[in-house]
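Subject: Structure for your set

Hello,

Here is the structure, with its sequence. My notes on it follow below.

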Amino acid sequence: MNDAFRNRRGSLHCESVSLDLLARRHGTPLWVYSGGAIRGAVAEVREAFAAHRPLICYSMKANSSLAILRLMVAEGCGIEVVSGGELFRALRAGAHPDRIVFSGVGKTDDEIRAGLRAGILMFNVESEPELDAIARVARGLGRRARVEFRINPHVDAHTHRYITTGTHENKFGIDWTMAEAVYVRAARLRCLEVAGIHIHIGSQITDPLPFAAALGRVEILLDRLERRGIVLRWRNIGGGLGIAYRPGQHRLNARHVASLLHHRLAARPMGLIVEPGRFLVGEAGALVTRVIHVKRGVRKNFAIVDAGMSDLIRPCLYEAHHEIVPVQPRSGAPRRVDIVGPICESSDFLGLGRRLPPLRGGDLLAVLGAGAYGMAMSSNYNGRRRAAEVLVEGGRAMLVRRRETYLDLVRNDR
């Protein structure tokens with residue numbers, strides 16, 4: 001259990017606020033985030049790469065709550081966006097346009113126009129057809145688009161197959177063996193400013209060595225580009241720093257990663273961009289859910305709770321593990337139980353075969369490490385209303401997103 005969520009006086013707290021109190025006040029399921037934990041993670045990344053004065057662009061796909069975006073902006077972060085909707089939310093949260101990087105493999109012309117009109121720092125280009133689209137839109141607006149290219153370095157990040165992004169089989173980026181020719185072509189277009197190079201090899205990486213291997217290939221490419229007179233301003237090493245989801249697992253040490261990369265980063269006077277997402281918010285969040293029924297089976301016992309795959313899809317999508325703990329622990333011999341939701345799918349579970357003290361209807365459970373890719377991936381499947389979100393700062397808890405109503409479910413229908 002991380003420092004943001006601790007047992008105090010027999011009850012689980014987020015910082016200094018009882019989760020039981022928050023559940024009574026706002027209902028369940030309920031997302032709870034620690035502002036202090038988020039600030040601490042931002043400081044960890046900034047201090048680790050301090051020698052290179054990094055621009056930390058928070059990868060907002062992990063958690064796009066306006067309150068969290070505003071917190072990131074207040075901490076001096078930029079934002080990495082992957083859609084027009086994310087760009088809108090980032091600007092709405094007060095992000096500075098010249099600290100926004102626009103990524104994503106399928107940007108539409110409208111999204112490219114929105115980025116150009118906003119004056120973003122640059123587009124992260126992932127293919128030659130996308131390069132053509134950005135050039136065409138920029139010419140049409142009479143503007144010059146600043147771009148970097150995402151390079152696929154053929155490096156295995158040793159993570160889940162659904163969240164690796166830097167090998168031959170992945171849709172992301174430009175093959176590193178083809179990249180030199182693409183840079184040369186782009187540098188000849190007057191409507192483009194070729195400004196940077198980008199890598200992102202995957203998510204939830206717990207071994208720092210793949211970062212070093214990927215950066216090594218970037219340096220080879222930079223040598224070739226410089227021999228052709230193409231000198232870049234920005235080196236973007238992406239994100240993917242892993243966190244601890246299981247007991248005994250350790251989050252990747254940002255200082256260790258920075259130390260491993262330092263020699264190569266120091267070799268060229270380029271600006272550094274880092275794009276962490278999960279690393280900044282993952283361990284700062286929990287999903288609080290209430291037990292509806294405890295069902296005794298022939299071979300299994302089930303705790304049916306009011307949160308399900310429509311709230312947190314990671315367990316059924318990625319076979320992801322989240323620690324699940326009672327908010328108010330009860331004495332008694334632990335029993336194995338499947339924590340399952342109310343959704344009409346066999347894959348609707350939050351945890352299988354968990355050893356927990358005896359549970360009964362009305363008990364509260366906290367699903368930990370849920371600050372990233374939780375609320376951001378939630379849905380209205382089965383007519384479910386998205387949960388409320390609370391941000392805790394010390395002893396103060398703020399409702400930062402209300403629970404949806406049934407009217408919200410039909411508001412856009414015609």
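Phe149 and Tyr183 are both buried (under 20% relative accessible area, with exposed over 50% and partly exposed in between; 1.4 Å probe, protein chains only). This is a predicted model, in which local features need pLDDT of at least 70, side-chain atom pairs count only at pLDDT 80 or more, and totals for chains, interfaces and linings use all residues. Residues are numbered from 1 along each chain as its sequence is written, and side-chain values use heavy atoms, leaving out hydrogens and water.

The structure has 2 aromatic pairs (ring centres of Phe, Tyr or the six-membered ring of Trp within 6.5 Å; planes under 30 degrees apart are stacked, over 60 edge-to-face, the rest tilted). One of them is Phe149 with Tyr183, edge-to-face at 4.6 Å centre to centre and 65 degrees between the planes. Phe149 belongs to strand S9 and Tyr183 to helix H7 (residues 179-187), so the pair ties together parts 34 residues apart in sequence. Helices (H or I, at least four residues) and strands (E, at least two) are DSSP runs, numbered from the N terminus.

Phe149 is also the bridge partner of Val125. Strands S8 and S9 (residues 145-152) pair in the parallel sense over 3 bridges (pairing takes at least two DSSP bridges). The chain gets from S8 to S9 through helix H6 (residues 128-141), in a right-handed β-α-β crossover (clockwise from the first strand over the helix to the second, with the strands pointing away from the viewer).

On S8 (residues 122-125), Met122 and Asn124 point one way, Phe123 and Val125 the other, and all are buried.

Regards
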